[in-house]
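Please look at the sequence and the model on the screen, and I will go through the pairs.

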There are 2 protein chains.
Amino acid sequence: MQTLSENACFGGVQGVYKHASKATGADMTFGLFLPAEAKDGPVPVLWYLSGLTCTHENAMVKAGAQGWAAEQGIALVFPDTSPRGEGVADDAAYDLGQGAGFYVNATQAPWAPHFRMWDYVAEDLPGLLFNEFALDQERQAITGHSMGGHGALTLAMGLPGRFRSVSAFAPICNPTGADWGRKQLGAYLGDDESTWARHDASLMMRAVGLDIPLLCDTGTKDQFLDNLRPETLAHAVMARRAQAVLRLQPGYDHSYFFVSTFMEDHVSFHAEALYA
Amino acid sequence: MQTLSENACFGGVQGVYKHASKATGADMTFGLFLPAEAKDGPVPVLWYLSGLTCTHENAMVKAGAQGWAAEQGIALVFPDTSPRGEGVADDAAYDLGQGAGFYVNATQAPWAPHFRMWDYVAEDLPGLLFNEFALDQERQAITGHSMGGHGALTLAMGLPGRFRSVSAFAPICNPTGADWGRKQLGAYLGDDESTWARHDASLMMRAVGLDIPLLCDTGTKDQFLDNLRPETLAHAVMARRAQAVLRLQPGYDHSYFFVSTFMEDHVSFHAEALYA
């Protein structure tokens, strides 16, 4: 692992690191915020998964999460959204290939073998983090924005017992039924739609449910509502009687101005679960 | 004036606007955050001047100021750092020309007539803002980062009575004695150093003083301390017995991770003066 930068930030350290990932077979970069409390021992950790076109950097500089995490003594992990670099496949469209990993393990050419973002976030990066940093593996929570909200929800439901709470900002809720989803799941996983279901938060909610608290915010002026389909997740949550707070925020759009506005709520929500 | 974007943000609106500036003879872009209270009447305003290489956008997305401004009912203005576009002179170096206006009115070729950032921030943009938006001209405060901290300090001392409080993050304190200053003041204002003095915060502090509260934060690990020279401003402030809080923050560098860490303090400091 290589340290790319470390900056003092809200009493802690915002670092950026690079490592060779077995899961993706590529060098991966991630951001990690460690609060001051990490000097004294392992701290709880909140994963933040980013959306289309993002790297590890966008949320790290724009989401305003570190101040709230510092207040709560929680670490933040900002993974990249796909493998990158020479020899890694890409597509001219912004919503496929590099910057658009969709948190799945691709089985189809040209995306396999590098595009294995599920394994990267679920196994590979945790293996590194809990070895190298003062992070408490028993106290993890997960959140994300847009495609990253999809990732947070599907990882939380696909890995029961792993996280204590899950939240999402404007998540893609039903990718098997939207342009943000059908194109990518088809490309990465192939035509057999039965393999898509575990990567659809609404279908997963119906199939396996969720036994940890969920908080979800979406703006009423989100320009991508047709792709997000919050109504499908709401329907599944209600049908399943899952423990959830689903909020539509008046006037907000899909931007980081929306994310940063509600970041304090999300960090507080996770802190309650992480310190329960 | 043209609206480039408006996003809901912490209950208010983060807008980006473009207008033809008489001062610079160029189209200028600026950011404006209006808190919810602006719907009911004029609100106080805090100017944020940015540093080298920045546009209106950097602080708007990275400084984390809107949340605190919303809490205090204060508007934020984010001007650009120079004129831009076709016909506007530039230099290959990052610290001269576009992105490096230094908040002066250039008198030398090729920078005159477009590089008139003092007049732009002091006269031109205020004329527009107080006409077009619900902002209270009698309640203004000013802050900035690095070159923008230099701008905030020199504008506050050069326009007595205009602002109720001034603060700065890692400001260039003594540009007539540093590489960040001598090069630019020479290029924009010419060889006669007597014309430079009103653009040097430490010299201005000695010459005219400051009759409003000052808050200044600089990191002890700032990689540009030799260019900032906080000691010269500290010496002048103490000699002048000015009302000031000068802080050196252990471990912090020059980045926006530093700025965002102390933004709450700065907005609270200005709120106290704006609501006095």
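In chain A, a network of salt bridges links A:Asp217, A:Arg247 and A:Asp265. By salt bridge I mean a side-chain nitrogen of Lys or Arg within 4 Å of a carboxyl oxygen of Asp or Glu. This is a predicted model, in which local features need pLDDT of at least 70, side-chain atom pairs count only at pLDDT 80 or more, and totals for chains, interfaces and linings use all residues. Residues are numbered from 1 along each chain as its sequence is written, chains are lettered from A and ligands numbered from 1 in the order in which they are written, and side-chain values use heavy atoms, with hydrogens and water left out.

Over all chains, the structure holds 16 salt bridges.

Next, chain B. B:Arg247 pairs with B:Asp217 in a salt bridge, with 2.7 Å between the closest N and O atoms. B:Arg247 is in strand 9 (residues 244–249) and B:Asp217 in strand 8 (residues 214–219) of chain B, so this pair ties together parts 30 residues apart in sequence. Strands here are DSSP runs of E, at least two residues, numbered from the N terminus. B:Asp217 is buried, at 0% relative accessible area, while B:Arg247 is partly exposed, at 25%. Buried means under 20% relative accessible area, exposed over 50%, and partly exposed in between, with a 1.4 Å probe and protein chains only.

Back to chain A for two further pairs. A:Arg139 forms a salt bridge with A:Asp136, closest N and O atoms 2.7 Å apart, and A:Asp136 is buried at 18%. A:Arg116 forms one with A:Asp119 at 2.8 Å between the closest N and O atoms; A:Arg116 is partly exposed, with 28% relative accessibility.

Notes
Helices (H or I, at least four residues) and strands (E, at least two) are DSSP runs, numbered from the N terminus.
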